[in-house]
Amino acid sequence: MYEGRLVRLRAFDNSDLMQCLTYSNDYEVMRGASGAILYPSTVDDEARAMGQNTSYTSGEYQFAIETKEERQFIGKCGFTRVNWKNRLAELAILIGEKEYRGKGYGEDAIKTLCKFGFEEMNLHKIKAVVFDYNEAALRCYEKCGFQREGLLRQEMYREGAYHDVVVLGLIK
């Protein structure tokens, strides 16, 4: 539906369910994407989550990411915690297919999603929160124009230690 240089952002469909479940149950994928306790997801869990990603969901706008050329489903991205009064939303992205990381697909998905946010949703600011150990994500956001705005010290507990969370922002 929304196209970038390398990716297309589209609605989820039933064929994405099992791949989303694979991403949700891959520790390496989720350790950089979720601050929650990493607990295995079931097919029903994933189906419920996917069922909430509709055009009728209020407050969240989630997309499947597929490659533009091969139409390969490689991840998901979207806005969470949309604050309409302040025209602010938090961006989240996950490239689940490891062979597509570090090749510009995440950067293109972020830029395409931000264009949607600014031009279609009339957002003023988009923010992202990234765990300090996720250096690839930090570099990617900064390449997309996000600036570091703050540091939440020892905000997240993972693998037996507390980690800082970096807050980044992009203003229209």
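Predicted model: local features only at pLDDT ≥ 70, side-chain atom pairs only at ≥ 80, totals over all residues.
## A first look at the sheet and its cysteines

Residues are numbered from 1 along each chain as its sequence is written, and side-chain values use heavy atoms, leaving out hydrogens and water.

**The sheet**
- Strand β5 (residues 88–95) and strand β6 (residues 125–131) run parallel and are joined by three bridges; two strands pair if DSSP finds at least two bridges between them.
- Helix α5 (residues 135–143) packs on the sheet, touching β5, β6, β7 and β8 (161–171), and its direction makes about 160° with that of β6.
- Contact means heavy atoms within 4.5 Å, while axes are lines fitted to C-alpha atoms, for helices over the stretch in contact, with angles from 0 to 180 degrees between N-to-C directions.
- Helices (H or I, at least four residues) and strands (E, at least two) are DSSP runs, numbered from the N terminus.
- Eight strands make up an open sheet with mixed pairing, in the order β1-β2-β3-β4-β5-β6-β8-β7.
- At the edges are β1 (2–3) and β7 (147–158), each pairing on one side only.

**The cysteines**
- Zero disulfides turn up in a search of the whole structure; a disulfide is a pair of cysteine sulfur atoms within 2.5 Å.
- Cys114 is in no disulfide, and the nearest cysteine sulfur, that of Cys144, is 6.8 Å away.
- Cys114 counts as buried at 5% relative accessibility, where buried means under 20% relative accessible area (1.4 Å probe, protein chains only).

Terms used. Buried < 20%, exposed > 50% of the residue type's maximum accessible area, 1.4 Å probe, protein only.
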